[in-house]
Amino acid sequence: MYVSDCIDINSAGHLTIGGCDTVELAKEFGTPVYVIDENEIRKNLRTFRDSMNEYYGGNGLAVYASKAFNCKEMCRICAQEGTGIDVVSGGELYTALSVGFPAENIVFHGNNKTYSELCTAVENGVGRIVVDNIDELETLSRIAAEKGKTAGIMFRIKPGIDAHTHDFIKTGQIDSKFGFALETGEAMEAVKKALSTPNVKLRGLHCHIGSQIFDIDPFELAAKVMLELFKAIKDETGVELEELNLGGGFGIKYLESECPKPYGEYMKNVSAVVREYCNKLGIKMPFVLIEPGRSVVGAAGITLYTVGSVKNIPDIRTYVSIDGGMADNPRYALYRADYEIVCANKANEDRSEIVTVAGKCCESGDLIQENTKLQKVERGDILAVLSTGAYNYSMASNYNRIPRPPVVMVKDGEARTVVKRETYEQVSANDI
(Lines give C-alpha, C1' and ligand atoms only; values in the text may rest on other atoms or scores of the structure.)
Protein backbone atom coordinates (compact mmCIF):
# COMPACT_ATOMS: atom_id res chain seq x y z
CA MET A 1 0.00 0.00 0.00
CA TYR A 2 2.78 2.42 0.83
CA VAL A 3 3.99 4.53 -2.08
CA SER A 4 6.40 6.56 0.01
CA ASP A 5 8.58 6.18 3.10
CA CYS A 6 6.71 9.07 4.75
CA ILE A 7 3.41 7.10 4.87
CA ASP A 8 2.65 4.81 7.83
CA ILE A 9 -0.10 3.55 10.17
CA ASN A 10 -0.10 4.45 13.86
CA SER A 11 -1.31 2.52 16.92
CA ALA A 12 -4.83 3.93 16.49
CA GLY A 13 -5.00 2.37 13.04
CA HIS A 14 -4.89 5.78 11.37
CA LEU A 15 -2.85 6.69 8.31
CA THR A 16 0.06 9.01 9.06
CA ILE A 17 2.28 11.21 6.91
CA GLY A 18 5.49 12.75 8.19
CA GLY A 19 4.63 11.58 11.70
CA CYS A 20 1.24 13.35 11.67
CA ASP A 21 -2.08 11.56 12.13
CA THR A 22 -4.10 12.30 8.98
CA VAL A 23 -7.40 12.10 10.86
CA GLU A 24 -6.19 14.84 13.20
CA LEU A 25 -4.94 16.86 10.22
CA ALA A 26 -8.40 16.66 8.69
CA LYS A 27 -9.93 17.94 11.91
CA GLU A 28 -7.45 20.79 12.27
CA PHE A 29 -7.29 22.03 8.68
CA GLY A 30 -10.58 20.78 7.22
CA THR A 31 -11.03 18.89 3.97
CA PRO A 32 -10.22 18.76 1.15
CA VAL A 33 -6.62 19.45 2.05
CA TYR A 34 -3.30 18.75 0.33
CA VAL A 35 -0.66 17.44 2.73
CA ILE A 36 3.02 17.27 1.74
CA ASP A 37 5.95 15.91 3.71
CA GLU A 38 8.88 18.34 3.75
CA ASN A 39 11.50 15.76 4.69
CA GLU A 40 10.53 13.58 1.73
CA ILE A 41 10.85 16.55 -0.63
CA ARG A 42 14.27 17.45 0.73
CA LYS A 43 15.41 13.81 0.56
CA ASN A 44 14.42 13.60 -3.11
CA LEU A 45 16.05 16.92 -3.99
CA ARG A 46 19.26 15.80 -2.31
CA THR A 47 19.18 12.48 -4.17
CA PHE A 48 19.16 14.29 -7.51
CA ARG A 49 21.61 16.98 -6.41
CA ASP A 50 24.10 14.55 -4.89
CA SER A 51 23.91 12.02 -7.73
CA MET A 52 24.53 14.80 -10.26
CA ASN A 53 27.58 15.89 -8.27
CA GLU A 54 28.83 12.31 -7.98
CA TYR A 55 28.36 11.15 -11.56
CA TYR A 56 29.11 14.41 -13.36
CA GLY A 57 31.92 15.48 -11.07
CA GLY A 58 30.16 18.68 -10.04
CA ASN A 59 29.69 19.61 -13.70
CA GLY A 60 25.90 19.66 -13.58
CA LEU A 61 22.77 21.01 -11.94
CA ALA A 62 19.50 19.45 -10.82
CA VAL A 63 16.68 21.86 -11.68
CA TYR A 64 13.30 21.32 -10.00
CA ALA A 65 10.45 21.45 -12.54
CA SER A 66 8.12 23.62 -10.51
CA LYS A 67 5.01 23.13 -12.65
CA ALA A 68 4.59 19.92 -10.62
CA PHE A 69 4.05 21.98 -7.45
CA ASN A 70 4.92 25.64 -7.14
CA CYS A 71 4.48 27.90 -4.15
CA LYS A 72 6.74 30.26 -2.23
CA GLU A 73 7.74 27.69 0.36
CA MET A 74 8.66 25.15 -2.31
CA CYS A 75 10.90 27.73 -3.99
CA ARG A 76 12.55 28.49 -0.65
CA ILE A 77 13.24 24.78 -0.09
CA CYS A 78 14.85 24.44 -3.52
CA ALA A 79 17.07 27.44 -2.82
CA GLN A 80 18.10 25.99 0.54
CA GLU A 81 18.92 22.63 -1.05
CA GLY A 82 21.07 24.22 -3.75
CA THR A 83 19.07 23.15 -6.80
CA GLY A 84 17.89 25.22 -9.74
CA ILE A 85 14.25 25.79 -10.56
CA ASP A 86 12.38 25.45 -13.85
CA VAL A 87 9.43 27.77 -14.51
CA VAL A 88 6.97 27.76 -17.41
CA SER A 89 4.97 30.93 -16.89
CA GLY A 90 5.13 34.48 -15.61
CA GLY A 91 3.34 33.35 -12.47
CA GLU A 92 5.85 30.64 -11.65
CA LEU A 93 8.70 33.04 -12.43
CA TYR A 94 7.18 35.74 -10.21
CA THR A 95 6.81 33.25 -7.34
CA ALA A 96 10.45 32.19 -7.53
CA LEU A 97 11.75 35.75 -7.78
CA SER A 98 9.47 36.92 -4.94
CA VAL A 99 11.38 34.81 -2.42
CA GLY A 100 14.79 35.80 -3.76
CA PHE A 101 15.54 32.63 -5.71
CA PRO A 102 18.86 33.11 -7.58
CA ALA A 103 17.85 34.15 -11.11
CA GLU A 104 20.99 32.61 -12.64
CA ASN A 105 19.68 29.18 -11.59
CA ILE A 106 16.22 29.69 -13.09
CA VAL A 107 15.37 27.92 -16.35
CA PHE A 108 12.40 29.49 -18.17
CA HIS A 109 10.45 27.14 -20.46
CA GLY A 110 7.33 27.53 -22.59
CA ASN A 111 6.25 27.23 -26.22
CA ASN A 112 4.56 30.64 -26.33
CA LYS A 113 6.05 32.99 -23.75
CA THR A 114 4.46 36.43 -23.81
CA TYR A 115 6.32 39.67 -24.44
CA SER A 116 5.88 40.72 -20.82
CA GLU A 117 7.13 37.34 -19.55
CA LEU A 118 10.27 37.62 -21.67
CA CYS A 119 10.80 41.20 -20.45
CA THR A 120 10.59 40.05 -16.84
CA ALA A 121 13.06 37.24 -17.50
CA VAL A 122 15.60 39.54 -19.17
CA GLU A 123 15.22 42.33 -16.59
CA ASN A 124 15.83 39.92 -13.72
CA GLY A 125 18.77 38.10 -15.28
CA VAL A 126 17.19 34.66 -15.67
CA GLY A 127 20.11 32.37 -16.48
CA ARG A 128 18.56 30.18 -19.17
CA ILE A 129 15.59 31.00 -21.36
CA VAL A 130 14.65 27.89 -23.33
CA VAL A 131 13.67 29.25 -26.75
CA ASP A 132 10.99 27.26 -28.53
CA ASN A 133 10.73 28.91 -31.95
CA ILE A 134 12.35 31.51 -34.22
CA ASP A 135 9.73 34.18 -33.49
CA GLU A 136 10.63 33.95 -29.82
CA LEU A 137 14.35 34.17 -30.61
CA GLU A 138 13.85 37.38 -32.58
CA THR A 139 11.56 38.90 -29.93
CA LEU A 140 14.00 38.05 -27.18
CA SER A 141 16.87 39.62 -29.14
CA ARG A 142 14.92 42.89 -29.47
CA ILE A 143 13.99 42.94 -25.79
CA ALA A 144 17.57 42.28 -24.69
CA ALA A 145 18.85 45.01 -27.01
CA GLU A 146 16.34 47.52 -25.64
CA LYS A 147 17.44 46.74 -22.10
CA GLY A 148 21.15 46.66 -22.89
CA LYS A 149 21.50 43.01 -21.88
CA THR A 150 22.50 39.67 -23.32
CA ALA A 151 20.03 36.85 -22.72
CA GLY A 152 21.36 33.36 -22.05
CA ILE A 153 19.34 30.89 -24.09
CA MET A 154 18.97 27.22 -24.87
CA PHE A 155 16.99 25.68 -27.72
CA ARG A 156 14.39 23.02 -27.07
CA ILE A 157 15.01 20.11 -29.44
CA LYS A 158 12.65 17.28 -30.35
CA PRO A 159 14.93 14.22 -30.36
CA GLY A 160 12.30 12.02 -32.04
CA ILE A 161 12.01 9.54 -29.18
CA ASP A 162 8.80 7.78 -28.17
CA ALA A 163 9.06 7.27 -24.42
CA HIS A 164 6.06 4.88 -24.24
CA THR A 165 3.98 7.09 -21.97
CA HIS A 166 0.51 8.64 -22.23
CA ASP A 167 -0.08 10.43 -25.55
CA PHE A 168 -0.82 13.71 -23.75
CA ILE A 169 2.53 13.70 -21.94
CA LYS A 170 4.85 12.55 -24.73
CA THR A 171 6.87 15.56 -25.83
CA GLY A 172 9.99 14.24 -27.54
CA GLN A 173 8.53 13.06 -30.87
CA ILE A 174 8.34 15.16 -34.05
CA ASP A 175 4.57 15.74 -33.76
CA SER A 176 4.74 17.96 -30.69
CA LYS A 177 3.93 21.60 -30.07
CA PHE A 178 7.30 21.93 -28.32
CA GLY A 179 10.67 22.72 -29.84
CA PHE A 180 12.69 22.32 -33.03
CA ALA A 181 12.74 19.11 -35.07
CA LEU A 182 15.95 17.27 -35.85
CA GLU A 183 14.72 15.33 -38.87
CA THR A 184 13.88 18.37 -40.98
CA GLY A 185 17.10 20.28 -40.33
CA GLU A 186 15.08 22.89 -38.42
CA ALA A 187 17.23 22.52 -35.29
CA MET A 188 20.50 23.13 -37.10
CA GLU A 189 19.14 26.17 -38.91
CA ALA A 190 17.91 27.60 -35.59
CA VAL A 191 21.34 27.12 -34.03
CA LYS A 192 23.04 28.91 -36.93
CA LYS A 193 20.60 31.78 -36.68
CA ALA A 194 21.10 32.09 -32.92
CA LEU A 195 24.88 32.26 -33.35
CA SER A 196 24.46 35.34 -35.55
CA THR A 197 21.66 36.96 -33.54
CA PRO A 198 22.71 39.92 -31.36
CA ASN A 199 22.06 40.18 -27.63
CA VAL A 200 21.58 36.44 -27.11
CA LYS A 201 24.10 33.80 -26.06
CA LEU A 202 23.35 30.21 -27.01
CA ARG A 203 24.43 28.30 -23.91
CA GLY A 204 23.26 24.88 -25.06
CA LEU A 205 20.40 22.60 -26.02
CA HIS A 206 17.47 21.09 -24.16
CA CYS A 207 15.27 18.06 -24.71
CA HIS A 208 12.44 16.41 -22.83
CA ILE A 209 11.04 13.08 -23.99
CA GLY A 210 7.96 12.76 -21.78
CA SER A 211 6.73 12.10 -18.26
CA GLN A 212 6.24 9.18 -15.89
CA ILE A 213 8.95 7.10 -17.61
CA PHE A 214 10.19 3.98 -15.80
CA ASP A 215 12.85 2.83 -18.27
CA ILE A 216 16.36 4.26 -18.38
CA ASP A 217 16.94 3.36 -22.06
CA PRO A 218 14.99 6.33 -23.51
CA PHE A 219 17.09 8.77 -21.47
CA GLU A 220 20.31 7.11 -22.68
CA LEU A 221 19.11 7.27 -26.28
CA ALA A 222 18.14 10.94 -25.91
CA ALA A 223 21.63 11.74 -24.61
CA LYS A 224 23.21 10.04 -27.62
CA VAL A 225 20.96 11.85 -30.10
CA MET A 226 21.62 15.22 -28.50
CA LEU A 227 25.40 14.72 -28.36
CA GLU A 228 25.42 13.75 -32.03
CA LEU A 229 23.75 17.11 -32.67
CA PHE A 230 26.45 18.81 -30.57
CA LYS A 231 29.04 17.15 -32.80
CA ALA A 232 27.23 18.20 -35.99
CA ILE A 233 27.05 21.79 -34.74
CA LYS A 234 30.77 21.77 -33.99
CA ASP A 235 31.54 20.41 -37.45
CA GLU A 236 29.30 22.88 -39.30
CA THR A 237 29.87 26.04 -37.26
CA GLY A 238 33.10 25.48 -35.32
CA VAL A 239 31.20 26.21 -32.08
CA GLU A 240 31.16 23.76 -29.17
CA LEU A 241 28.05 24.30 -27.08
CA GLU A 242 28.60 24.30 -23.34
CA GLU A 243 25.41 22.90 -21.83
CA LEU A 244 23.06 19.94 -22.31
CA ASN A 245 19.70 19.85 -20.53
CA LEU A 246 18.25 16.31 -20.61
CA GLY A 247 14.91 17.27 -19.06
CA GLY A 248 12.99 15.14 -16.60
CA GLY A 249 10.13 12.65 -16.68
CA PHE A 250 11.35 10.12 -14.10
CA GLY A 251 8.46 7.86 -13.02
CA ILE A 252 7.05 7.64 -9.51
CA LYS A 253 5.09 5.02 -7.62
CA TYR A 254 1.35 5.61 -7.91
CA LEU A 255 0.33 2.01 -7.34
CA GLU A 256 1.63 -0.71 -5.04
CA SER A 257 2.49 -2.78 -8.11
CA GLU A 258 4.77 -0.13 -9.67
CA CYS A 259 8.53 -0.28 -9.12
CA PRO A 260 10.35 2.83 -10.32
CA LYS A 261 14.12 2.56 -10.38
CA PRO A 262 16.17 4.52 -7.82
CA TYR A 263 16.74 7.97 -9.28
CA GLY A 264 20.48 7.74 -8.78
CA GLU A 265 20.50 4.88 -11.32
CA TYR A 266 19.28 7.24 -14.03
CA MET A 267 22.14 9.63 -13.28
CA LYS A 268 24.72 6.84 -13.13
CA ASN A 269 23.69 5.16 -16.39
CA VAL A 270 23.08 8.31 -18.40
CA SER A 271 26.31 9.96 -17.22
CA ALA A 272 28.25 6.90 -18.39
CA VAL A 273 26.65 7.25 -21.83
CA VAL A 274 27.42 10.98 -21.92
CA ARG A 275 31.10 10.42 -21.08
CA GLU A 276 31.45 7.55 -23.55
CA TYR A 277 29.78 9.47 -26.36
CA CYS A 278 31.73 12.65 -25.80
CA ASN A 279 34.96 10.65 -26.06
CA LYS A 280 33.71 8.79 -29.12
CA LEU A 281 32.62 11.98 -30.91
CA GLY A 282 35.62 14.03 -29.90
CA ILE A 283 33.65 16.77 -28.15
CA LYS A 284 34.11 18.25 -24.71
CA MET A 285 31.93 17.14 -21.82
CA PRO A 286 29.03 19.60 -21.47
CA PHE A 287 27.60 20.99 -18.25
CA VAL A 288 24.55 18.73 -17.75
CA LEU A 289 21.18 19.77 -16.35
CA ILE A 290 18.21 17.58 -15.43
CA GLU A 291 14.68 18.65 -14.50
CA PRO A 292 12.95 16.36 -11.98
CA GLY A 293 9.49 17.53 -10.94
CA ARG A 294 6.94 14.83 -10.20
CA SER A 295 9.74 12.62 -8.84
CA VAL A 296 10.56 15.25 -6.20
CA VAL A 297 7.07 15.95 -4.86
CA GLY A 298 4.63 13.35 -6.23
CA ALA A 299 4.86 10.58 -3.65
CA ALA A 300 5.57 13.12 -0.89
CA GLY A 301 1.97 14.35 -0.99
CA ILE A 302 -1.53 13.09 -0.26
CA THR A 303 -4.99 14.64 -0.41
CA LEU A 304 -7.51 14.18 2.38
CA TYR A 305 -11.28 14.19 1.81
CA THR A 306 -14.40 13.56 3.89
CA VAL A 307 -16.93 10.98 2.72
CA GLY A 308 -20.37 12.52 2.23
CA SER A 309 -22.40 9.55 1.04
CA VAL A 310 -22.17 5.94 -0.09
CA LYS A 311 -24.53 5.01 -2.91
CA ASN A 312 -24.87 1.37 -3.90
CA ILE A 313 -26.42 0.57 -7.27
CA PRO A 314 -27.07 -3.20 -7.11
CA ASP A 315 -25.15 -5.23 -9.70
CA ILE A 316 -23.67 -2.00 -11.11
CA ARG A 317 -21.31 -0.22 -8.72
CA THR A 318 -20.93 1.55 -5.40
CA TYR A 319 -20.23 5.28 -5.45
CA VAL A 320 -18.32 6.81 -2.54
CA SER A 321 -18.79 10.58 -2.78
CA ILE A 322 -16.25 12.98 -1.32
CA ASP A 323 -16.11 16.73 -0.66
CA GLY A 324 -13.58 17.37 -3.43
CA GLY A 325 -13.14 16.05 -6.94
CA MET A 326 -11.98 17.10 -10.39
CA ALA A 327 -11.58 20.73 -9.28
CA ASP A 328 -8.71 19.74 -6.97
CA ASN A 329 -7.57 16.62 -8.87
CA PRO A 330 -8.39 16.63 -12.59
CA ARG A 331 -5.88 13.93 -13.51
CA TYR A 332 -8.32 11.01 -13.58
CA ALA A 333 -10.68 12.94 -15.84
CA LEU A 334 -7.75 13.93 -18.09
CA TYR A 335 -5.57 10.81 -18.12
CA ARG A 336 -7.43 8.06 -16.25
CA ALA A 337 -4.54 8.40 -13.81
CA ASP A 338 -4.14 5.60 -11.27
CA TYR A 339 -4.07 6.20 -7.52
CA GLU A 340 -4.06 4.21 -4.30
CA ILE A 341 -6.86 5.30 -1.95
CA VAL A 342 -7.07 4.51 1.75
CA CYS A 343 -9.67 5.18 4.41
CA ALA A 344 -7.42 7.14 6.75
CA ASN A 345 -9.34 6.35 9.95
CA LYS A 346 -9.53 2.62 9.07
CA ALA A 347 -6.09 2.23 7.52
CA ASN A 348 -5.34 -0.97 9.46
CA GLU A 349 -8.41 -2.72 8.02
CA ASP A 350 -8.46 -4.71 4.79
CA ARG A 351 -9.46 -2.92 1.62
CA SER A 352 -12.22 -5.40 0.86
CA GLU A 353 -14.71 -3.28 -1.09
CA ILE A 354 -14.64 -2.38 -4.80
CA VAL A 355 -15.92 1.16 -5.21
CA THR A 356 -15.87 4.21 -7.45
CA VAL A 357 -14.76 7.39 -5.69
CA ALA A 358 -16.79 10.32 -7.03
CA GLY A 359 -16.33 14.05 -6.61
CA LYS A 360 -18.91 16.72 -5.86
CA CYS A 361 -18.64 18.65 -9.14
CA CYS A 362 -21.68 18.73 -11.42
CA GLU A 363 -20.14 16.40 -14.02
CA SER A 364 -20.75 12.69 -14.56
CA GLY A 365 -17.05 12.34 -15.29
CA ASP A 366 -16.03 13.85 -11.97
CA LEU A 367 -14.37 10.73 -10.62
CA ILE A 368 -11.12 10.20 -8.72
CA GLN A 369 -10.89 6.45 -9.28
CA GLU A 370 -13.14 3.67 -10.60
CA ASN A 371 -13.37 0.08 -9.40
CA THR A 372 -10.72 0.58 -6.74
CA LYS A 373 -10.17 -1.33 -3.52
CA LEU A 374 -11.19 0.46 -0.34
CA GLN A 375 -12.10 -0.33 3.24
CA LYS A 376 -15.84 -0.38 4.00
CA VAL A 377 -16.63 3.30 4.51
CA GLU A 378 -19.52 5.45 5.66
CA ARG A 379 -20.40 9.12 5.90
CA GLY A 380 -17.81 11.09 7.86
CA ASP A 381 -14.89 8.80 7.15
CA ILE A 382 -11.66 10.39 5.90
CA LEU A 383 -10.22 9.23 2.58
CA ALA A 384 -6.57 9.70 1.65
CA VAL A 385 -5.57 9.70 -2.01
CA LEU A 386 -1.86 8.92 -2.16
CA SER A 387 0.83 10.32 -4.47
CA THR A 388 -0.94 13.60 -5.14
CA GLY A 389 2.01 15.91 -4.45
CA ALA A 390 2.48 16.63 -8.15
CA TYR A 391 -0.02 18.13 -10.61
CA ASN A 392 -2.91 18.34 -8.17
CA TYR A 393 -2.58 21.69 -6.43
CA SER A 394 -0.91 23.06 -9.56
CA MET A 395 -3.80 21.97 -11.83
CA ALA A 396 -6.61 22.84 -9.42
CA SER A 397 -9.43 25.09 -10.60
CA ASN A 398 -12.47 26.91 -9.29
CA TYR A 399 -14.89 24.86 -11.37
CA ASN A 400 -18.41 25.20 -9.92
CA ARG A 401 -16.93 28.14 -7.96
CA ILE A 402 -15.37 25.78 -5.46
CA PRO A 403 -12.49 27.39 -3.51
CA ARG A 404 -9.13 25.66 -3.92
CA PRO A 405 -7.92 23.64 -0.91
CA PRO A 406 -5.01 24.68 1.30
CA VAL A 407 -1.57 23.08 1.25
CA VAL A 408 -0.29 21.85 4.60
CA MET A 409 3.37 20.89 4.97
CA VAL A 410 4.34 18.37 7.63
CA LYS A 411 7.73 17.69 9.15
CA ASP A 412 8.70 15.46 12.09
CA GLY A 413 5.17 15.35 13.47
CA GLU A 414 4.47 19.08 13.11
CA ALA A 415 2.16 20.69 10.55
CA ARG A 416 1.94 24.18 9.11
CA THR A 417 -0.05 25.87 6.35
CA VAL A 418 2.04 26.97 3.36
CA VAL A 419 -0.89 27.89 1.10
CA LYS A 420 -4.13 29.15 2.63
CA ARG A 421 -7.54 27.78 1.74
CA GLU A 422 -9.37 30.05 -0.69
CA THR A 423 -12.59 31.72 0.39
CA TYR A 424 -15.77 32.42 -1.58
CA GLU A 425 -14.84 36.09 -1.44
CA GLN A 426 -11.51 35.36 -3.13
CA VAL A 427 -13.18 33.24 -5.81
CA SER A 428 -15.47 36.14 -6.73
CA ALA A 429 -12.95 38.95 -6.05
CA ASN A 430 -12.48 39.89 -9.70
CA ASP A 431 -16.18 39.97 -10.54
CA ILE A 432 -17.55 43.36 -11.55
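User: Which helix supplies the largest share of the lining of the largest pocket?

Analyst: In this predicted model, the largest pocket holds about 950 Å³ of space. Of the 40 residues that line this pocket, the closest to its centre are Ala65, Lys67, Val88, Glu92 and Tyr391. At least two lining residues each come from helix 3 (72-81), helix 4 (90-98), helix 10 (294-297), helix 11 (331-335) and strand 21 (414-419). The largest share, three residues, is that of helix 4.

User: How many residues of the lining of the largest pocket are nonpolar, polar and charged?

Analyst: The lining of the largest pocket includes Ala65, Val88 and Glu92, which are among the residues closest to the pocket centre. Divided by class, the residues of this lining are 14 nonpolar, 16 polar and 10 charged.

User: Why do the buried residues of helix 4 line one face of the helix?

Analyst: Glu92, Leu93, Thr95 and Ala96 are the residues in question, each of them buried in helix 4. Viewed down the helix axis, the buried residues lie within an arc of 160 degrees, so they line one face of helix 4. In general, an α-helix has 3.6 residues a turn, so residues three or four places apart point the same way. The value that places the buried residues of helix 4 on one face is the arc of 160 degrees.

User: Which elements do the buried residues of helix 4 pack against?

Analyst: The residues concerned are Glu92, Leu93, Thr95 and Ala96. Their packing partners are helix 3, strand 6 (84-87), strand 7 (106-108) and helix 5 (115-123).

User: Which helix gives the most to the lining of the second largest pocket?

Analyst: The second largest pocket has a volume of about 320 Å³. Among the 19 residues lining this pocket, Val3, Glu40, Asn44, Pro260 and Tyr263 are the closest to its centre. Helix 2 (38-55) and helix 10 each supply at least two lining residues. With four residues, the element that gives the most is helix 2.

User: How many residues of each class are in the lining of the largest cavity?

Analyst: Three cavities of 30 Å³ or more are found in the whole structure, and the largest cavity contains about 80 Å³ of space. The residues that line the largest cavity are Tyr56, Phe219, Leu246, Gly247, Phe250, Tyr266, Met267, Val270 and Ile290. Helix 9 (residues 263-281) provides the largest share of this lining, three residues. By class, the lining has eight nonpolar, one polar and no charged residues.

How values were computed:
Residues are numbered from 1 along each chain as its sequence is written. This is a predicted model: local features need pLDDT of at least 70, side-chain atom pairs count only at pLDDT 80 or more; totals for chains, interfaces and linings use all residues. Side-chain values use heavy atoms; hydrogens and water are left out. On a 1 Å grid over the protein atoms alone, a cavity is a set of points where a 1.4 Å probe fits but cannot get out, and a pocket is an open set with protein on both sides within 12 Å along at least five of seven lines; lining residues have an atom within 4 Å of a point. Grid points are joined across faces, edges and corners, and a volume is the space filled by probe spheres set on the points. Ala, Val, Leu, Ile, Met, Phe, Trp, Tyr, Cys and Pro count as nonpolar, Asp, Glu, Lys and Arg as charged, and the others, Gly among them, as polar. Buried means under 20% relative accessible area, exposed over 50%, partly exposed in between (1.4 Å probe, protein chains only). The arc is that of the directions from the helix axis to the C-beta atoms. Contact means heavy atoms within 4.5 Å.
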